[in-house]
Structures are given as C-alpha cells and as structure tokens.
Amino acid sequence: MKFKLHGISINLLYANVSLAVVPSDLDISQNSVLSGVDEVNLRSLSECRVADQILDLVPNIENFRTTLRCVKHWAKRRGVCVNAPGYLREVDCPVMVACICLAYPNAAPSTLVTMLFSIFGEWYWPNPVMLCSIHEDRELGFPVWDARFNREDRTHIMPIITPAYPCRNSTVHVSATTLEVMKEQFQIGNEVCQEIEMKQADWADLFEPLGDPPSDETAVSC
C-alpha cells in the first residue's frame with residue numbers, strides 16, 4: 001500500500017509470518033523470522049531486513065543519509081534511477097552509498113559523494129558491490145547469490161548484492177545497453193565532482209537534468 005502521511009510518502013508492506021502471535025518486540029533481522037515464509041512474503045520482509053542491515057553496517061548514519069539523499073536526487077535527475085526496466089532500483093543506491101561509507105568511515109558527505117563517483121565511475125563490472133560476506137542458512141535453504149558456485153549468477157553484468165540473508169542481486173534486470181548508459185552518467189558525475197573540487201563548478205551542476213527519463217515502453221531490458 002502506497003500513500004502519503006503529512007506529506008511523507010510511505011510504502012507499507014505486508015508479510016505473513018509463521019507465528020500465532022506477533023510480539024511487539026519482534027526482531028525481523030533474525031533469520032528465524034523467515035521460517036515457513038514463501039517467496040512473496042520473503043520479498044516483503046527482505047526490504048525491511050536490508051534497510052536495517054545497511055543501517056547497522058554504516059559507521060555514521062547521518063552522513064549516510066545525507067549522502068544517500070544527494071545520490072538519489074542525482075540518479076533521478078540523470079535518468080539512471082527510474083521506473084523503467086534495466087536501471088537502478090530504490091534499493092541499489094543505498095547499497096552503493098553504504099559501500100563508500102564503509103570504505104571512508106570518517107569522511108564528510110561531500111567527500112563521500114565525490115568518492116562515490118570516483119569509484120563507480122571506474123568500477124570494473126561485473127565485480128559485485130557487496131557490503132558483507134555471503135551467508136548461507138542450510139536450515140532455511142533459500143537460494144543466495146554466489147557467482148563462485150552458481151553458473152547463472154556469473155551471467156549478471158552489474159551485480160549489486162543485498163546484505164541481508166538471503167542475499168540477492170538487485171540488478172538482475174540490467175542489460176548491456178542500460179549498463180553503458182549508467183556507466184557514462186557515473187563518469188560524467190565524476191568529472192563534475194572534479195570540477196567542483198577545482199572551483200570550476202558548483203553542486204547545482206551535478207544535478208542538471210538529463211532530460212525526459214526513459215519510459216517503460218522505450219527502455220531496453222534484459
């Protein structure tokens with residue numbers, strides 16, 4: 001259910017768990033909450049579990065949030081995070097930002113933004129973006145992304161791996177064409193950030209709109 005409350009957009013998820021009574025202090029970060037859960041309910045729980053896991057991992061939550069707001073605004077303005085197949089989804093930006101926060105735990109948001117474009121402007125895909133090691137739970141048995149053992153996972157060209165069990169690649173929908181578009185935009189962002197550092201541009205230049213974002217009908221998908 002999607003709605004706005006006092007001007008704040010809310011995406012309310014429902015999940016059916018195998019509990020007769022749901023306690024008020026239920027910790028959904030525990031893998032035990034996934035016992036007996038089907039794939040549909042797993043997806044609902046995973047969104048909250050991933051968000052909680054990211055906040056537990058980043059060294060400075062406020063710097064993470066400020067950087068994420070900036071990067072998400074840039075991604076929407078430049079047409080790489082849109083409601084079209086083949087581009088970044090809402091979960092992808094937080095994972096990428098958290099990756100930079102972990103690499104530079106004491107950096108200010110302005111530095112984190114600059115380093116994000118520097119690193120992902122030159123990222124050697126399909127090397128995966130991962131926040132923690134891959135964890136398997138043999139008792140629950142949900143499939144996890146692991147290109148070391150899963151042949152299908154090796155075909156993914158822009159893997160961004162969610163940190164909470166069961167870790168999945170959230171960018172399986174990215175195609176060779178949309179990857180090139182996104183790589184170009186990250187490189188342009190890197191160039192603008194370098195100009196900002198040299199006082200040849202300001203932050204407003206980073207958020208210059210690309211134009212009309214691709215529609216669902218015209219976007220190239222896998």
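Helix H4 (residues 109-120) and helix H5 (residues 176-197) have axes that come within 8 Å and cross at roughly 135°. H4 and H5 are therefore oblique to each other; angles under 35 degrees count as roughly parallel, over 145 as roughly antiparallel, 65 to 115 as roughly perpendicular and the rest as oblique. The axes are lines fitted to C-alpha atoms, for helices over the stretch in contact, and the angles run from 0 to 180 degrees between N-to-C directions. Helices (H or I, at least four residues) and strands (E, at least two) are DSSP runs, numbered from the N terminus.

This is a predicted model, in which local features need pLDDT of at least 70 and side-chain atom pairs count only at pLDDT 80 or more, while totals for chains, interfaces and linings use all residues. Residues are numbered from 1 along each chain as its sequence is written, and side-chain values use heavy atoms, with hydrogens and water left out.

H4 passes H5 in a left-handed crossing (left-handed if the near helix is turned anticlockwise from the far one by less than a right angle, right-handed if clockwise). On the H4 side the contact (heavy atoms within 4.5 Å) is made by Val113, Thr114, Leu116, Phe117, Ser118 and Phe120. H5 supplies Phe186, Gly189, Asn190, Cys193 and Glu197. By class, the contact of H4 with H5 has six nonpolar, four polar and one charged residues. Here Ala, Val, Leu, Ile, Met, Phe, Trp, Tyr, Cys and Pro count as nonpolar, Asp, Glu, Lys and Arg as charged, and the others, Gly among them, as polar.

H4 also packs against H2. The axes of H2 and H4 come within 9 Å and cross at roughly 50°, which makes H2 oblique to H4. The crossing of H2 over H4 is right-handed. Asn63, Thr66, Thr67, Cys70, Val71 and Trp74 of H2 meet Pro109, Leu112, Val113, Leu116 and Phe117 of H4. This contact of H2 with H4 holds eight nonpolar, three polar and no charged residues.

H2 has a further partner in helix H3 (residues 92-103): the two pack at an angle of about 135°, with their axes 10 Å apart. H2 is therefore oblique to H3. H2 passes H3 in a right-handed crossing. From H2 the contact takes Phe64, Thr67, Leu68, Val71, Lys72 and Ala75, and from H3 Cys93, Pro94, Val97, Ala98 and Cys101. Nine of these residues are nonpolar, one is polar and one is charged.

What space is left inside? On a 1 Å grid over the protein atoms alone, a cavity is a set of points where a 1.4 Å probe fits but cannot get out, and a pocket is an open set with protein on both sides within 12 Å along at least five of seven lines; lining residues have an atom within 4 Å of a point. One cavity of 30 Å³ or more is found in the whole structure. The largest cavity has a volume of about 40 Å³, and its lining includes Asn63, Cys101 and Leu112.

The largest pocket holds about 1,500 Å³ of space. Its lining has 39 residues, of which Asn11, Glu47, Arg89, Glu90 and Val91 lie nearest the centre. Helix H1 gives the most to this lining, with 12 residues.

Technical notes: Points joined across faces, edges and corners; volume = space filled by probe spheres on them.
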